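Please have the sequence and the model open while I talk.

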Amino acid sequence: MEKFRTVLDFCLSHQKALSYSAVSLLTAGSERLFSVVVFQCPCNSWNTLYGSVFLLVPALILFLLGYLLNVRTWRLFTGCCAPGRCCCCIHRRRCWRYFRVLWLVTVSAAVAPLTWIAVALLGANFYECAASGSSLLQRYLCQGRGTQCHEQVARIPCGETLPQGAQTFVSLRAQSQVLGWILVASIMALVLTVTCINRCRSPVSFLQLRFWKIYLEKEREVFERKAKEHATKLAERNLKCFFESTEPELFQTPTNKDWQQISSLYAFNTKGQYYSMIHKYISANRGTSIRSTEEDVFSPALGFVDGTDVNETGTL
């Protein structure tokens, strides 16, 4: 039991890294499966389109799916254009805040598509097919030769060898793998740089960040339990009144304004030690607005606060 607890604590403390690793592994496995089972280069004039579709379209689908499944996306957009509210970005500060949240969503959503492209380039099948159908490559390799040479270049992915006298060129598979490793190295360098910058600009210490993440996890668990209990009691009261034809008893439940307050985007303020919007709301006078002010700080290092949503285990 103690070992199981140790493993569980490790998973909770490295939840983000493990989730990204799981997404990357699933994406890499899917790419290999598509490459072996589904992909079959036509080895004709369709090469460029066919190879490019397999290389880029799944990456685009994964990117859009990342937006769809990200909690921050719906926390940002839900209710922003509700009747009676202006959905245009009037305040400059609010627009900047929305842009930063969208940037965090984009970074998270880009993990799977970049993994797909990197693994596809290292596998080289898609790139080799797409490049062999390029008219520029065919003209370069077949200078002074007829259309038969162009057809032979298009059949390179199918094992065709170039005729003698054609221009020497680096293997398409080698080109693809070099590009793949350059992409992987660039991504890792960029991630390391951005992480270092965000941590250096963090308004709180390393241990407080760890505590903060533990608190948000516990708050989510308690919210799920309390929400189910509250919903059950409300449903029981309503159904009891329906079937017994009685007047409903007074039942205290959060108002629409209460829900809107705790659903707004989090902003850090040195004058208040709040770890979530619920924490900030119950610490303020009921009915008082808790939306961001000029003194609030929007730190990328605290982006996980908006990402840890109390409803993230539910269905969209």
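Helices α3 and α6 are roughly antiparallel to each other, a label used here for angles over 145 degrees, while under 35 counts as roughly parallel, 65 to 115 as roughly perpendicular and the rest as oblique. The angle between α3 and α6 is about 160°, and their axes are 7 Å apart. Axes are lines fitted to C-alpha atoms, for helices over the stretch in contact, and angles run from 0 to 180 degrees between N-to-C directions. This is a predicted model, in which local features need pLDDT of at least 70 and side-chain atom pairs count only at pLDDT 80 or more, while totals for chains, interfaces and linings use all residues. Residues are numbered from 1 along each chain as its sequence is written, and side-chain values use heavy atoms, with hydrogens and water left out.

Contact means heavy atoms within 4.5 Å. As background, an α-helix has 3.6 residues a turn, so residues three or four places apart point the same way.

Now the whole protein. The count is 14 helices and zero strands, where helices (H or I, at least four residues) and strands (E, at least two) are DSSP runs, numbered from the N terminus. Of the 316 residues, 31% are buried. Buried means under 20% relative accessible area, exposed over 50%, and partly exposed in between, with a 1.4 Å probe and protein chains only. The accessible surface comes to about 20,500 Å², and carbon and sulfur atoms hold 64% of that; the areas are from the Shrake-Rupley method with a 1.4 Å probe, and for residues only the protein chains shown count as cover. Among contacts with a separation of 6 or more, 73% are between residues 24 or more positions apart.

Next, the cysteines. How many disulfides does the structure hold? There are two, taking a disulfide as a pair of cysteine sulfur atoms within 2.5 Å.

Another disulfide joins C43 to C158, with S to S at 1.7 Å. The link of C43 and C158 is right-handed, with 90° about the S-S bond. C43 is in the loop between α2 and α3, and C158 is in the loop between α9 (147-154) and α10 (172-200), so the pair ties together parts that are 115 residues apart in sequence. C43 counts as buried because its relative accessibility is 11%.

C200 is in no disulfide, and the nearest cysteine sulfur, that of C196, is 6.3 Å away. Is C200 buried or exposed? C200 is exposed, because its relative accessible area is 69%. C241, in contrast, is buried, with a relative accessible area of 14%.

On to the backbone. Most residues other than glycine have a negative phi. C43 has a positive phi of about 55° although it is not a glycine. A124 is another residue other than glycine with a positive phi, near 75°. A124 is found in the loop between α6 and α7. With 0% relative accessibility, A124 counts as buried.

Two items remain. In α9, the residues C149, Q152, V153 and A154 are buried. What covers the buried residues of α9? The cover includes α3, α7 and α8 (135-141).

Finally, K271 lies in the loop between α12 (256-263) and α13 (277-283). K271 is exposed, because its relative accessible area is 68%. The C-alpha atoms of K271 and D296 are separated by 9.3 Å, and the two residues are 25 residues apart along the chain.
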